[in-house]
Amino acid sequence: MRTPRRLGTTIATGAVVLALAACGAGSSSAGSTVEKPRPTSAASTRPSATPTTPAPEPEVAAAGTQQDPLGVGESAPISTQSAFTVRLDGTDPDAAAAITAAKPGLPGPQPGEAFIVGTFTITVSGERLAGQGIDIATDGADPGLSVILEYLGADGVVYTAASGTGCVSENEMWMSGPVFEDGGSVTAATCLSVPADQVPGGLWIASNTANESIYFTGA
């Protein structure tokens with residue numbers, strides 16, 4: 001004889017099983033960690049700035065060139081390494097009367113010639129001489145023999161102490177003699193014979209033995 005099923009017991013047992021299953025599912029859901037996508041920062045999405053190269057500064061032509069000569073009262077070293085800085089103090093474009101009065105035994109300018117006198121101050125750098133192996137305190141430096149003063153006429157011809165009639169001022173630069181101290185200077189003149197019509201618009205040239213030059217306005 002079959003034993004009758006106990007419906008209440010079966011239902012109760014099923015309910016327990018379902019309750020336990022539900023608890024297990026809830027426990028698993030609560031204990032697991034779900035990673036959320038990290039938000040993308042604004043910095044990471046912003047395009048990187050392209051570095052810019054600053055525009056080069058315009059080159060400035062050095063003063064003392066033939067195209068940009070120095071004026072009266074202005075000075076510059078003959079070159080970046082030169083120990084001699086030259087300043088033009090003034091120009092007398094027609095010094096014949098003063099020269100012949102001071103040197104009556106010398107001939108004056110020939111017809112068509114002019115005696116032009118430039119007065120210069122040359123300062124010596126002992127530091128730069130030391131860089132060349134020269135001790136200014138012992139060896140001295142002679143601006144009048146180290147710096148050559150000439151005149152570039154309006155015709156493009158360079159007039160030197162050997163050009164035309166000989167001209168000697170009372171205080172010639174080549175007679176100045178050496179200096180023996182750093183920063184020592186000599187102020188003296190140079191007289192040149194130049195065709196009178198080539199004096200206006202000309203330029204003074206101060207050069208060294210290495211053929212490096214600076215230019216000054218002339219008459």
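So, Ser-163: it's buried, with a relative accessible area of 17%. Keep in mind that this is a predicted model. Why does Ser-163 count as buried? Because the cut-off for buried is under 20% relative accessible area, and Ser-163 comes in at 17%.

Where are we in the chain? Ser-163 sits in the loop between S5 and S6. A polar atom of the Ser-163 side chain is 3.0 Å from the backbone nitrogen of Thr-160. If you skip the neighbours within four places in sequence, Ser-163 is in contact with Val-158 and Ser-193.

Okay, on to Met-173. This one is in the loop between strand S5, that's 158-159, and S6. Met-173 is buried as well, at 3% relative accessibility. Here's a pair you can find on the screen: Met-173 and Ala-188 are 15 residues apart along the chain, and their C-alpha atoms are separated by 4.8 Å. Ala-188 also turns up in the list of residues that Met-173 touches, along with Phe-120, Ile-122, Gly-144, Leu-149, Val-186 and Ala-189, again not counting residues up to four places away in sequence.

Last stop, Thr-190. We've now moved into strand S6, residues 185-195. Is Thr-190 buried or exposed? Buried, with a relative accessible area of 8%. And what does Thr-190 touch, not counting residues up to four places away in sequence? Ile-116, Val-117, Gly-118, Phe-120, Leu-149, Glu-172 and Trp-204.

Technical notes:
Residues are numbered from 1 along each chain as its sequence is written. This is a predicted model: local features need pLDDT of at least 70, side-chain atom pairs count only at pLDDT 80 or more; totals for chains, interfaces and linings use all residues. Side-chain values use heavy atoms; hydrogens and water are left out. Helices (H or I, at least four residues) and strands (E, at least two) are DSSP runs, numbered from the N terminus. Buried means under 20% relative accessible area, exposed over 50%, partly exposed in between (1.4 Å probe, protein chains only). Contact means heavy atoms within 4.5 Å. A polar contact is a pair of N or O atoms within 3.5 Å; within protein, one must be able to donate a hydrogen and the other to accept it, and residues adjacent in sequence count only if both atoms are side-chain atoms.
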